Amino acid sequence: GMREQPTDEVAWIARGLARLAKDPEGALVDFEEALKLNARSFAALQNKAHVLADRLDQLDEALAILDRLVENYPDAVLARLGRGILYARLGKHAEALDDAKECLDRDVGASTFYHVANIYALTSRQAKEHEPKALTLLAKALQAGYGTDLVARDPDFAPLREHAEFQRLVTAARTLGNAANRKNEP
């Protein structure tokens, strides 16, 4: 399938996802091709922002894509979460916290708790008073089973890595993950 030229938006996105790990620049080209066919494609915009931010370290360019995504889909929590995290990484704390609040107002799911915890962890570098909020939200996410496999290596939690409560949460997440794995064994 990788040898065939995609002919529609979904195929361009699928090929981009398949290329992502080994060829982020090629994946980016594929997502851009999908956007030529549908300039409002949620999946193409989201994945383009991901490649720019997390694979190519082009945070400002990724932020512009996420601004466009939020403009097109103002109710999309996933887009706001991504934008809030990028704002926090870029030191734009007021904007990051606005997105965090908006996300929590729209959704109280475990994934939202986890990613808003990322935002508060990042902003805690300059505002230590954000640490408790980050830890509380992270605990809620982990209790609901989200992030147990991510938290130990998630770079956005670096500001909390040495915090005793964070270390307890990581240990608990490992325990939960191990218990889930044993439960799924034959």
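Reader: Which residues do ring pairs link into a cluster?

Author: The model shown here is a predicted one. A search of the whole structure finds 4 aromatic pairs. Ring pairs join four residues into a cluster: Tyr 114, Tyr 146, Phe 157 and Phe 166.

Reader: How are the rings of Tyr 114 and Phe 157 arranged, and what is the angle between the planes?

Author: The centres of the two rings are 5.4 Å apart, and the pair is edge-to-face. Planes over 60 degrees apart count as edge-to-face. For Tyr 114 and Phe 157 the angle between the planes is 85°.

Reader: How many residues apart in sequence are the parts that this pair of Tyr 114 and Phe 157 ties together?

Author: Tyr 114 belongs to helix H7 (residues 110-123). Phe 157 lies in the loop between helix H8 (131-143) and helix H9 (164-184). The pair therefore ties together parts whose separation in sequence is 43 residues.

Reader: Is Phe 157 buried or exposed, and what is its relative accessible area?

Author: Buried means under 20% relative accessible area. Tyr 114 has 1% relative accessibility, so Tyr 114 counts as buried. Phe 157 is also buried, and its relative accessible area is 0%.

Reader: What kind of pair do Phe 157 and Phe 166 form?

Author: Phe 166 counts as buried because its relative accessibility is 2%. Its ring centre lies 5.7 Å from that of Phe 157. The planes are at 40°, so the pair is tilted.

Reader: Which residue has its charged end over the ring of Phe 113?

Author: There are charges over rings to report at two places. At one of them, Arg 40 lies over the face of Tyr 73, 5.3 Å from the ring centre. At Phe 113, the charged end over the ring is 5.2 Å from the centre and belongs to Lys 140.

Reader: Are H4 and H5 roughly parallel or roughly antiparallel?

Author: Two packed helices are described by the angle between their axes and the distance between the axes. For helix H4 (residues 59-72) and helix H5 (residues 77-89), the axes come within 9 Å and cross at roughly 150°. Angles over 145 degrees count as roughly antiparallel. H4 and H5 are therefore roughly antiparallel.

Reader: Which residues of H5 make the contact with H4?

Author: H4 passes H5 in a left-handed crossing. On the H4 side the contact is made by Leu 59, Ala 62, Leu 63, Leu 66, Asp 67, Leu 69 and Val 70. On the H5 side it is made by Ala 79, Arg 80, Gly 82, Arg 83, Leu 86, Tyr 87 and Arg 89.

Reader: How is H5 oriented to H7, roughly parallel or roughly antiparallel?

Author: The axes of H5 and H7 come within 8 Å and cross at roughly 15°. The crossing is left-handed. The contact includes Leu 81 and Ile 85 of H5, and Val 116 and Ile 119 of H7. Because the axes cross at roughly 15°, H5 and H7 are roughly parallel.

Reader: What is the phi of Asp 57?

Author: Asp 57 is in the loop between helix H3 (42-55) and H4. At 62% relative accessibility, Asp 57 counts as exposed. Although Asp 57 is not a glycine, its phi is positive, at about 55°.

Reader: Which residues does Leu 37 touch, not counting residues up to four places away in sequence?

Author: Leu 37 is part of helix H2 (residues 24-37). Its relative accessibility is 51%, so Leu 37 counts as exposed. Not counting residues up to four places away in sequence, Leu 37 touches Thr 7, Asp 8, Glu 9 and Trp 12.

How values were computed:
Residues are numbered from 1 along each chain as its sequence is written. This is a predicted model: local features need pLDDT of at least 70, side-chain atom pairs count only at pLDDT 80 or more; totals for chains, interfaces and linings use all residues. Side-chain values use heavy atoms; hydrogens and water are left out. Rings of Phe, Tyr and Trp (its six-membered ring) pair if their centres lie within 6.5 Å; planes under 30 degrees apart count as stacked, over 60 as edge-to-face and the rest as tilted. Helices (H or I, at least four residues) and strands (E, at least two) are DSSP runs, numbered from the N terminus. Buried means under 20% relative accessible area, exposed over 50%, partly exposed in between (1.4 Å probe, protein chains only). A charge sits over a ring if NZ of Lys or CZ of Arg is within 6 Å of the ring centre and within 35 degrees of the ring normal. Axes are lines fitted to C-alpha atoms, for helices over the stretch in contact, and angles run from 0 to 180 degrees between N-to-C directions. Angles under 35 degrees count as roughly parallel, over 145 as roughly antiparallel, 65 to 115 as roughly perpendicular and the rest as oblique. A crossing is left-handed if the near helix is turned anticlockwise from the far one by less than a right angle, and right-handed if clockwise. Contact means heavy atoms within 4.5 Å.
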